[in-house]
Amino acid sequence: GTEMLSLQKVKSELETFGYTYDNNILCGHTKSKVKWVLPTGIVNVIAFERATSYLFGFSDNGINLFPIQGDCDIADNLFIPWNEITNFKMKNGLLENEMALSTSTMKIEMKINKVVANNSWIKDNINNLKAKNYFYHQ
């Protein structure tokens with residue numbers, strides 16, 4: 001779950017996957033069951049099937065999805081480049097945003113936390129990414 005989400009923990013978990021934290025991380029959870037179609041590089045396929053909580057990394061290149069297991073341990077890293085994303089929407093909600101993204105093989109719907117107790121970095125990141133349109137420039 002994301003209740004153990006300290007920024008320090010998030011940064012060190014991301015480092016394990018060679019991902020640099022740059023005020024570009026959001027956290028959230030599955031809205032509906034995703035039919036995962038994963039590339040061959042993914043080691044921990046079961047993590048995607050099982051995880052309900054995720055971290056999301058946004059960059060110029062695309063979106064990284066990190067399934068969470070246990071107390072905010074990242075299980076794997078799925079990178080989806082923008083050029084494979086056929087549709088991307090971030091819908092603003094009161095307590096949570098809704099993110100929908102599609103590729104030619106997958107439809108992913110997630111709820112994005114806007115507020116997590118004692119974690120102001122989440123709100124900062126949302127504002128930062130919103131200003132950049134989540135790097136989405138199709």
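Predicted model: local features only at pLDDT ≥ 70, side-chain atom pairs only at ≥ 80, totals over all residues.

Me: Great. Where is K114 found?

Reply: K114 is in the loop that runs between strand 8 (107-113) and helix 3 (120-131).

Me: And how far away is the nearest side chain of opposite charge?

Reply: That side chain is E96, 10 Å away. K114 is buried and has no salt bridge.

Me: Hmm, which side chain does K114 have a polar contact with, then?

Reply: N92: the two side chains are joined by a polar contact of 3.0 Å.

Me: What else is K114 in contact with, leaving aside neighbours within four places in sequence?

Reply: Besides N92, there are G93, L94, L95, E96 and N97, plus I122, K123 and I126.

Me: Switching topic: how do strand 6 and strand 7 run, parallel or antiparallel?

Reply: Antiparallel, with five bridges joining strand 6 (residues 87-91) to strand 7 (residues 96-102). One of the bridge pairs is F88 with L101 of strand 7. A hairpin of four residues links the two strands.

Me: Nice. Now I80, is that buried or exposed?

Reply: I80 counts as buried, because its relative accessibility is 3%, under the 20% cut-off. I80 lies in strand 5 (residues 78-81).

Me: Which residues does I80 touch, not counting those up to four places away in sequence?

Reply: I80 touches G62, I63, L65, I85, L101, T103, M106 and I108. L101 is also the bridge partner of F88.

Me: Last one: what separates the C-alpha atoms of I80 and K11?

Reply: They are 20 Å apart, with the two residues 69 apart along the chain.

How values were computed:
Residues numbered from 1 in each chain as written. Heavy atoms only, no water. Buried < 20%, exposed > 50% of the residue type's maximum accessible area, 1.4 Å probe, protein only. Lys, Arg positive; Asp, Glu negative; His and termini not counted. Salt bridge = Lys/Arg side-chain N within 4 Å of Asp/Glu carboxyl O. Polar contact = N/O pair within 3.5 Å; in protein donor to acceptor, adjacent residues only side chain to side chain. Contact = heavy atoms within 4.5 Å. Pairing = 2+ DSSP bridges.
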